[in-house]
Amino acid sequence: MAEEKQFDLTVIGSGPGGYVASIRAAQLGLKVACIEKAPSLGGTCLRVGCIPSKALLESSAHFMFAGKQLAQHGVVVERPKLDLNRMMKRKQQTVNMLGKGVETLFKKNKVELICGTARILGSGSLEVESADNTSTLVHSKHILIATGSQPVSLPSVPFDGERIVSSAEALSFENVPEHLVVIGGGYIGLELGSVWKRLGSRVTVLEMRPQIFPGMDGETALEAQRILHRQGLEFEFGKKVTSAMRNGDQCQIALEGGDTIECSHILVAVGRKPFLEGLGLDSIGVQLDSEGKVQVSKGFETNIPGIYALGDLVSGPMLAHKAEEEAVAFAETLCGETRSVDYQHIPSVVYTHPELAMVGATEESLKEASTAYRKGVFHFRANGRARASGAVDGWVKMLADEASDQILGVHILGENAGELIHEIVVAMKFKATSQDLARICHAHPTFSETVKESALAVSDRTIHS
């Protein structure tokens with residue numbers, strides 16, 4: 001006979017959306033359970049996504065800096081030697097530590113963790129199957145689905161988990177690939193491509209569209225492409241892969257038109273899709289949209305009363321911080337508070353070197369909407385801190401409404417872009433103008449002065465260029 005439990009809220013998934021919703025709801029007085037089938041907490045972001053990739057990006061950047069740039073600072077060392085096992089061990093230690101941190105937060109906030117695979121039976125009930133084949137019947141007034149996303153696969157390029165892989169396996173290669181071909185020029189492919197290029201791989205990026213980072217500001221994406229090309233990444237555009245196969249230690253990719261590419265490893269990085277398998281959504285009639293995402297109301301409720309979804313499962317960018325914001329909004333709304341998510345001002349960051357960060361409109365979107373705007377661009381090479389640090393690639397590009405001067409969008413390509421963008425997010429949230437930012441004193445010498453100068457550039461008033 002299955003064990004039975006009762007909760008106010010049961011959350012399926014312990015990723016950024018799931019664990020944050022669990023904690024916030026518990027803080028507000030609900031009796032909460034979180035169900036997780038993986039052996040550790042944190043979801044894709046923590047286990048095989050954001051955190052491990054950033055750990056490898058950081059380590060590989062140190063390796064590259066020691067080998068190619070350290071001598072410029074007057075620090076002469078022998079040619080660095082790569083210890084890939086130690087690098088991977090550090091990555092996993094980081095993941096494990098943060099996963100334990102989520103466990104600690106659950107205990108602190110009295111969130112009950114249920115280990116196993118969940119299947120929703122209907123409004124108010126679900127079954128959890130554990131690894132030892134025992135089951136638990138959970139009765140819950142509210143059920144939140146926060147199972148995140150998974151890599152999109154290509155039927156013509158089947159994964160084998162070793163040589164033809166998704167982003168998850170590309171985080172754990174046992175040896176540096178001789179020649180890695182990345183199918184897809186988005187942020188996942190270029191971040192992981194950068195990691196392995198720095199560690200010694202030849203990296204070729206295949207992208208069907210005419211630019212990397214599709215959907216981003218075109219001018220900034222093109223400049224990023226030039227910089228990454230100088231770092232050694234090879235790009236081929238307009239290339240459609242028709243098939244791929246492994247033959248021993250080598251792989252062959254067939255392209256539309258008859259061309260082929262030989263390589264040692266293939267990374268398929270063509271996007272992500274909601275993870276909905278096994279949840280029983282079909283049987284209870286949860287409605288999906290045309291993109292295969294769950295349709296929800298403003299309170300994140302599906303068409304089935306008492307069942308909710310958020311994060312990568314619903315419309316909007318597949319970003320961990322977007323899921324976290326939705327999680328807090330969900331929990332607070334559920335408990336009677338007035339809370340919403342400001343989708344207009346969600347920043348995006350790409351952790352290549354240099355980083356890219358952006359918020360708001362692109363030039364392309366403004367032109368498409370026939371919005372009159374002014375543009376201010378300031379290059380990092382004219383910034384004192386960037387010169388002193390040897391980090392002179394990139395720019396800050398600000399777009400402001402021609403009539404009101406309100407900031408409409410900012411695109412940063414450069415050192416610490418992922419940190420600099422948040423000044424812009426706050427400014428845009430409070431409807432600041434470019435001249436509001438231009439009049440704010442920024443410490444000297446700092447990278448943040450590039451933001452001030454880009455604001456000045458909107459009115460052709462830059463001081464340092």
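Glycine 336 follows helix α9 and has a positive phi, near 95°. Welcome to a predicted model, where local features need pLDDT of at least 70, side-chain atom pairs count only at pLDDT 80 or more, and totals for chains, interfaces and linings use all residues. Residues are numbered from 1 along each chain as its sequence is written, and side-chain values use heavy atoms, leaving out hydrogens and water. Helices (H or I, at least four residues) and strands (E, at least two) are DSSP runs, numbered from the N terminus.

**Helix α9**
- Buried residues (under 20% relative accessible area; exposed is over 50%, partly exposed in between, with a 1.4 Å probe and protein chains only) of α9 include Phe330 and Val328.
- Their cover includes β1 (3-12), α1 (16-27), β6 (135-145) and β17 (307-309).

**Cis peptide bonds**
- Histidine 353 to proline 354 is a cis bond, with omega near 0°; proline 354 sits in the loop between β18 (348-350) and β19.
- Histidine 444 to proline 445 is also cis, with omega near -5°, and proline 445 belongs to the loop between α13 (434-438) and α14 (449-458).

- Aspartate 405 has a phi of about 70° and is buried, at 9% relative accessible area.
- Asparagine 416 has a phi of about 60° and is partly exposed, at 34%.

Definitions and conventions. Contact means heavy atoms within 4.5 Å.
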